[in-house]
Amino acid sequence: MPAAPLKFAYWVPNVSGGLVTSRIEQRTDWGYDYNRELAVLAENNGFEYALSQVRYMASYGAEYQHESTSFSLALLLATERLKVIAAVHPGLWHPGVLAKLGATADHLSHGRFAVNVVSGWFKDEFTALGEPWLEHDERYRRSEEFITALRRIWTEDHAELAGDFYRVRDFSLKPKPLKTPERPHPEIFQGGNSTAARRMAGRVSDWYFSNGKDFDGVTEQIADVRASAAEAGRPAPRFGLNGFLIARDSEAEARETLREIVAQADTEAVEGFGAAVRQAGRSTADRKGMWQDSTFEDLVQYNDGFRTGLIGTPEQIAERIVAYKRLGVDLFLLGFLHYHEEVEYFGRRVLPLVRELEAQLPDTDTDTDTDTGTAPASVPAHA
């Protein structure tokens, strides 16, 4: 049976500063009018999902931000097919309150609402609000309870949970979110690179988002998440990969754009962000937290998007995207420098090539080299 086509999502630029912490021109705006037009453009150019990001406090090149759940609902009401994923932080939300909001948003959008549960890296954001800051693995334990509570409230009457962080007693939510042939409730995404994140994903999440990774990194993460799911006796979550896409008519032009982004980096903001995020990973026992091995260049795109290597001509990028699919990637979460122009370019020039290459894959693709951790043989040398 043919594998499902790759899905594509984009980072909603609902925070100021764009998707790179650089002074290079970014023809992107964090306001609603720009983003409404972008959402319509994206759903007409092959994007199935959009992820609205969230910061609650001005910081690190993102001085202005729109809140994610309200912004997501606005984008849902402005589109017809796009599924919008709202980022939320346990510790700042109660799962029952989010469940109520999500059910309403799901009805208003005819089943297109989703949520991304963010365990949190930004300590100052919690302490400035007077909320307790938990150490790394404890934040993931809380997130796991949060997802368990959310799923129960969305699917059960008289939901119960006696946890360490949340207690739900005889709670019935009505109306519940829509139950569709695609999903029993709004899809639940999560991110993270650490061992705790991978184990949590295997136990409770529908989707696992990874920071930007090369082929070996993706192979390792997928294997770990699948092993966690097998241990929990449940199907493995699907795998989404972050990437910053620079598609140009020539490889030289694409590489020059990357060079200019890094050359004009906001050094103070990048270094401040790096210091903030590394403290989150340092508290893990095995030092596998996010951003632990990120270089300055990696952090200019704050989710390591350059590492995925989606930089070059449409042909080169399409080949690399499909090579990742053969390793088990189900969705790409993409960022761009100039959103309107580049989303349209992606839909016109890159996506048709991806679909052509997907059509050439065997129904059961066993040549993925996942046992050896190496890239598929079809990956071009320049990748």
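## Terms and basis

On a 1 Å grid over the protein atoms alone, a pocket is an open set of points where a 1.4 Å probe fits, with protein on both sides within 12 Å along at least five of seven lines; its lining residues have an atom within 4 Å of a point. This is a predicted model, in which local features need pLDDT of at least 70 and side-chain atom pairs count only at pLDDT 80 or more, while totals for chains, interfaces and linings use all residues. Residues are numbered from 1 along each chain as its sequence is written, and side-chain values use heavy atoms, with hydrogens and water left out.

## The largest pocket

The largest pocket is lined by 25 residues, and A3, A4, K325, V329 and D330 lie nearest its centre. Two or more lining residues come from each of α7 (215-232), β9 (238-244), α11 (314-327) and α12; helices (H or I, at least four residues) and strands (E, at least two) are DSSP runs, numbered from the N terminus. Helix α7 contributes the most, with 3 residues.

By class, the lining holds 14 nonpolar, 2 polar and 9 charged residues. Here Ala, Val, Leu, Ile, Met, Phe, Trp, Tyr, Cys and Pro count as nonpolar, Asp, Glu, Lys and Arg as charged, and the others, Gly among them, as polar.

## The barrel

Parallel pairing (at least two DSSP bridges between two strands) links 8 strands into a closed barrel in the order β1-β2-β3-β4-β7-β8-β9-β12. Strand β1 (residues 7-12) runs parallel to β12 (residues 331-335), to which 4 bridges join it. Within this pair, L334 of β12 is the bridge partner of Y10.
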